[in-house]
Amino acid sequence: MAQRVAYVGRRAGHLLAVLLLLSVGTFLMLELLPGNLTDSLLGDNARPQDIALLEAQLGLDKPLPQRFGAWVWNALQGDLGRSPLSGEAVTEAIAHRLPVSVQLMLFAQILALAMALPLGIWAGYREGGLVDRLVSSASFGVLAVPHFVLGLLLILVLAIWLRWFPATGYVPFSDNPFESIRSMTLPSLTLALVEAPVYLRLLRSDLATTLREEFVTVARAKGLPDWQILLRHALRPSMFSLITVMGINIGHLIGGAVIIETVFALPGVGRLLIEAITRRDYLTLQGVVLFIGATFVVVNLVVDALYSVLDPRLSARHG
Amino acid sequence: MGLPLVWLAVVFVCAFGADVMPFPPPSDMDFAAAEQGPSLAHPLGADLDGRDVLSRLAHGARISLTVSLIAPLIGLVIGTVLGLLSAYYSGLVRTGILAVVDAMLAFPSLVFALALTVVLGPSVQNVTLALGIMSVPAFARIARANALPLMSREFVLAARTAGAGDAYIMFREILPNMVMSLLTYALTMMSIMIVAEGSLSFLGVGVPPPTPSWGSMIAEGRESLERVPHVSMIPAAAMFLTVLSLNLLGDSLRQFKSGKSGGLS
Amino acid sequence: MTRESQPGLRSDRSMAAPDAGHGEVLLSVQNLGVRFPTPRGDLQALDDVSIDLRRSRTLAIVGESGSGKSVLSRSILRLLPSKALVSPTARIVFDGIDLLAQSQAQMQKVRGRRIAMVFQDPMTALNPVRTIGSQLVEGLRLHLNMPSAAAYQRGLELLQQVGINSPERRLSQYPHELSGGMRQRVVIAMAIACQPELLIADEPTTALDVTVQAEILELLQRLQREHDMTMILITHDLGVAAGFADEIAVMYAGQLVERAVTQDVFKTPRMPYAAALLRSIPRLHDAPHAELFTIGGRPPTTYGDAPAGCRYAARCERRVARCDAETPPIAEGPPGHAFRCWRPLEWQ
């Protein structure tokens, strides 16, 4: 147990360093690159004294380390500032958009796993068989389709031609659960179709390798039926690559589902990010970047903890 | 194996020969023919403003190919150097590089490229640069993963004993052994780049108009998807076929490489 | 708690008189041939092997790597990879049932329950991500329908039987936390859990330290006596076979080449290969620094149909023209002693 805690502790330290780097990096990048907040607010022809006044108001005239320090201090207390463009507190803006992104991400992962798990297990079990070959070719094809194209295709077929689902728009879960799921289906399905082939391939190849291990032969020699061997013995050691990639995807999806959110007009964190960038709302941008980074760190830690649960050798080895 | 190469060759020829081919100029608007499907005058139809789809497709291919050739190159060069350095040296160099790479990987890559493009100003060069930088962490990781096992091999030790300098060992001894693996990944990266550029253009932050790009063509056809799907779907099909061909090529390259070094079966 | 009161365990045999069931053939392998398709042609792993084994006896199958001994043991339990081709005339009769004709579902009832196997490498034979306990009780719950609590209790007893101390602690540990010898004891415990009639031990000591090897062999012997099991021991070490087995079968290049009671194989080997194997065992009374006897050359690997002639001929000191021309059949010489040779060794 102590070993596990130490392992997770070390990983946490590394990831926190990453988080810090991310924040500093963003801060610096926004400082050094062209494009100014004041330009956005006041326009190109602003008078110098107006610019100076605004800068003083926003605290932009103080030296860089001091500004960064103040921002970090506030952030630790949960205050990410208030966007000078929209007047909205950054934390509130994120909080409004977060449920959309989370719902999208969860739904997409569930759909992706629902597709990838059974097919991956079967393809790995009967390596080289018909299902395996069909599924491999299909995955290859699907992976070649850019996700925005996929989204448009799904809209074309399922929303426009068949009218089974709405093309765009978002209904919050709290308002109407059924409609909410319905409005989320196409975007989640698009994401799931993008991720499932990767999960499937990873699971299949890991499972096929595991099935060649001696302890699987031993399990057969004990008279265990195939399904029990697959699910109880072979599945767990084969999940590592899958979980790693899933973790990366979940971490990225919170802010990274920009394309999907744009195609399906979903007010998620990704859209918030894009707007902040294009409108030069650097304060919001800084806050959202920190949030995404923090999410990534947390997800990574959870995945690492999962590793040590799945494979008891790990905590011993790294201890 | 012939088909992907044929398709890629067609794309290549169209892209770089677009100006000399008998296409109407891509910005020529022929309102009479607007939104029509394939016809004699417009073999792949016309878009919402009457511009010839085939011509725009060919010009757009130029963007896609340029980006997908140059951006991975940027990533390959910078990433390989970083990866090699982080494998060869330990201590601050290694920790520093790894931390930066991890920080970049923590961020959704498309958003990163998008931010860079917006901040730098949309143009072909900036898009290429942004995408190139976006691919650096992946290449760095792969270069490092390939270099690490090579570090403990005897020829490295031999070179060091013979008095070779660090740079020599890294670039003349270790690097040549990694080339195949890196190039294979570069091929994969090419197809990722095509999609990435398409995504950026689709979002409206890629190559600015009037230069056609497959991504912006798809975006333009979005509102009228119901009426005239071909405006979006034809460039989409082109993108799909190109990505598929690159992936198939990369796959057979991988099989060839592993068959070679895999020994007898 | 006596054995009779536990559900599903047979107690009748331990109560029976020691000679009852002796003489009865438990396992009869008939004309077993196994081939593996490869790009270079079908690899012949076993060629027309026939062996009978009586109840409560121990048979040692001895041979070099590649002689087919492992393929033979796995064939009995039908654990060969799916692309293996078994000759259509082959039969493996276990207590009246032809195992080769059983369906997978029927085989699953035999495996672990009536025939069990102990594998060579305990590190890879145990699932690294599951506890010892869960792997131990798996068979009990499956074959004997034991409820969890009873199964764990039985698991503790099994661990004690195989000589593992503090068994309660071991049940919740993982394989990597145990030493090699202990892991092998666990594998043995798993094998005898449902009291099988036949136990196949495939090189059970090869992956272990020398000091532990003797312990494991003693353990197997004791368990065999206590549970009155019939045993097949696969080994490349004649010395191990000597101390352990009632009968020895020698395999070479996929064929059975000699078969007799242990004493006869050691005192009066007929087939030159068996004799050579015996000579290559270093003995204590050999002169110091004497050269170790080895058999020159290597066993042949056959792709496609085997050429005529004895497979050992190329390395044999007693070779004559007939050995290259015709394949010697396996035939009985003195009663109970079979061998495959045109020019066997003679004894008075």
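Chain B contains nine helices and zero strands. In this predicted model, the order of elements along the sequence of chain B is α-α-α-α-α-α-α-α-α. Along the principal axes, the C-alpha atoms of chain B occupy a box of roughly 75 × 45 × 30 Å.

Of the 265 residues in chain B, 44% count as buried. Among the contacts in chain B that join residues at least 6 apart in sequence, 67% link residues at least 24 apart.

## Chain C: helices and strands

Chain C has 13 helices and 13 strands. Its radius of gyration is 21 Å, close to the 20 Å that the globule rule gives for 348 residues, so chain C is as compact as a globular protein of that length. The C-alpha trace of chain C spans about 65 × 50 × 45 Å along its principal axes.

Buried residues make up 41% of the 348 residues of chain C. Of the contacts in chain C with a separation of 6 or more, 65% are between residues 24 or more positions apart.

Strand 7 (residues 115-118) of chain C runs parallel to strand 8 of chain C, and four bridges join the two. Within this pairing, V118(C) has A201(C) as its bridge partner. Strand 8 of chain C is also joined to strand 9 (residues 230-235) of chain C, again in parallel, by five bridges. Here D202(C) is the bridge partner of I234(C). The chain passes from strand 8 of chain C through helix 9 (residues 210-227) of chain C to strand 9 of chain C, and this β-α-β crossover is right-handed.

## Contacts with chain A

The contact between chains A and B takes 30 residues from chain B and 30 residues from chain A. On the side of chain B that touches chain A, helix 3 (92-106), helix 4 (109-120), helix 7 and helix 9 (230-261) of chain B each supply at least two residues. Helix 9 of chain B gives the largest share of that side, seven residues.

The contact between chains A and C takes 23 residues from chain C and 19 residues from chain A. The elements of chain C that give two or more residues to its side are helix 3 (104-110), helix 4 (122-125) and helix 5 (132-144). Helix 5 of chain C gives the most, with four residues. By class, the side of chain C that touches chain A has 11 nonpolar, seven polar and five charged residues.

## The largest nonpolar core

In soluble globular proteins, nonpolar side chains tend to be buried together. The largest nonpolar core in this model has 238 residues, of which V288(A), A113(B), L114(B), A189(C), L199(C) and V250(C) touch the most other members. Helix 7 (residues 166-203) of chain B provides the largest share of this core, 16 residues.

Leaving aside residues up to four places away in sequence, L114(B) touches I274(A), I277(A), L200(B), L203(B) and V205(B).

Terms used. Residues are numbered from 1 along each chain as its sequence is written. Chains are lettered from A and ligands numbered from 1 in the order in which they are written. This is a predicted model: local features need pLDDT of at least 70, side-chain atom pairs count only at pLDDT 80 or more; totals for chains, interfaces and linings use all residues. A nonpolar core is a set of buried Ala, Val, Leu, Ile, Met, Phe, Trp, Tyr and Cys residues joined through C-beta atoms within 7 Å. A residue is buried if 20 or more other C-beta atoms lie within 10 Å of its own, exposed if 12 or fewer, and partly exposed in between; C-beta atoms are placed from the backbone. Two residues are in contact if their C-beta atoms, placed from the backbone, lie within 7 Å. The radius of gyration is taken over C-alpha atoms; the globule rule is 2.2 Å times the number of residues to the power 0.38. Ala, Val, Leu, Ile, Met, Phe, Trp, Tyr, Cys and Pro count as nonpolar, Asp, Glu, Lys and Arg as charged, and the others, Gly among them, as polar. Two strands pair if DSSP finds at least two bridges between them. A crossover is right-handed if, with the strands pointing away from the viewer, the path from the first strand over the helix to the second runs clockwise.
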